[in-house]
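Notebook open, structure loaded. I want to jot down what I look up as I go.

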Amino acid sequence: MKKKLFSLTGMTVLLFAAVMFQSAKPDEVMTKEDGMTVVNTTTLSKDVIGYMDATPLKIYIKKDKIEKVEALKNQETPKYFLRVKKQLLDKWNGMKVNDALKANVDGVTGATMSSDAVKENIRLGLEYYKKHK
């Protein structure tokens, strides 16, 4: 009886350790790259939908200032999303994080839903940065 109890306790401890090890993943949202903090909105904004689907971004921040915003792979219509990339993503470059959160940035005409999704991604990413920096 003691042998079975010891074996069961040992298995429980091993299972607990395995679960704890699995949950101790590095932060998938905020990483460091070339002296900048990079916020990846893929998991933050999975419910933020543009015209077709999610529009995840990487936001590069250095000394509390946005260096650049990069679009990640998405399912938006390439012709329209290219306009968003060219006309919208650099609007936040050089802004302090707090100023960017307050900024009223115009979207791209003809790509309103994609523009709105990008702006929401920016907001979610910057709020995450402020909370976890």
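**Entry 1: the sheet.** In what order do the strands of the open sheet come, and is the pairing parallel or antiparallel? I'm working from a predicted model here, so local features only count at pLDDT of at least 70. I looked up the strand order and got β1-β2-β3-β4, four strands in an open sheet with antiparallel pairing. The edges are β1 and β4; each has a single partner strand, so one side of each lacks a neighbour in the sheet.

**Entry 2: β1 against β2.** I counted the bridges here and found four, with β1 and β2 running antiparallel. Is Gly 35 buried or exposed? I get 65% relative accessibility for Gly 35, and the cut-off for exposed is over 50%, so Gly 35 counts as exposed. I also checked a distance across the sequence: Gly 35 and Ile 61 are 26 residues apart along the chain, but their C-alpha atoms are 9.0 Å apart in space.

**Entry 3: β2 itself.** How many of the five residues of β2 are buried? Five of the five, so I'm writing β2 down as largely enclosed by the rest of the structure. Asn 40 has Lys 58 in β3 as its bridge partner.

**Entry 4: helix α4.** Next I checked the length of α4, residues 112-132. At 1.5 Å a residue, its 21 residues should span 30 Å, and the end C-alpha atoms are 30 Å apart, so the two agree. How does α4 lie relative to the strands? α4 goes across β1, β2, β3 and β4, at about 45 degrees to β3. I listed its buried residues, among them Ala 117, Val 118, Ile 122, Leu 124, Leu 126, Tyr 128 and Tyr 129. Their cover includes β1, β2, β3 and β4, plus α2 (78-87) and α3 (97-102).

**Entry 5: Ser 114.** I picked this one out of α4. Ser 114 has a relative accessible area of 5%, and buried means under 20%, so Ser 114 is buried. What does Ser 114 touch, leaving out residues up to four places away in sequence? I got Gly 50, Tyr 51, Glu 76, Phe 81 and Val 84.

**Entry 6: rings.** I searched for aromatic pairs, with ring centres within 6.5 Å as the cut-off, and the count comes to zero. A charge over a ring did turn up, though: Lys 68 lies over the face of Tyr 60, 4.6 Å from the ring centre.

Terms used. Residues are numbered from 1 along each chain as its sequence is written. This is a predicted model: local features need pLDDT of at least 70, side-chain atom pairs count only at pLDDT 80 or more; totals for chains, interfaces and linings use all residues. Side-chain values use heavy atoms; hydrogens and water are left out. Helices (H or I, at least four residues) and strands (E, at least two) are DSSP runs, numbered from the N terminus. The expected span of a helix is 1.5 Å times one less than its number of residues. Buried means under 20% relative accessible area, exposed over 50%, partly exposed in between (1.4 Å probe, protein chains only). Contact means heavy atoms within 4.5 Å. Two strands pair if DSSP finds at least two bridges between them. Rings of Phe, Tyr and Trp (its six-membered ring) pair if their centres lie within 6.5 Å; planes under 30 degrees apart count as stacked, over 60 as edge-to-face and the rest as tilted. A charge sits over a ring if NZ of Lys or CZ of Arg is within 6 Å of the ring centre and within 35 degrees of the ring normal. Axes are lines fitted to C-alpha atoms, for helices over the stretch in contact, and angles run from 0 to 180 degrees between N-to-C directions.
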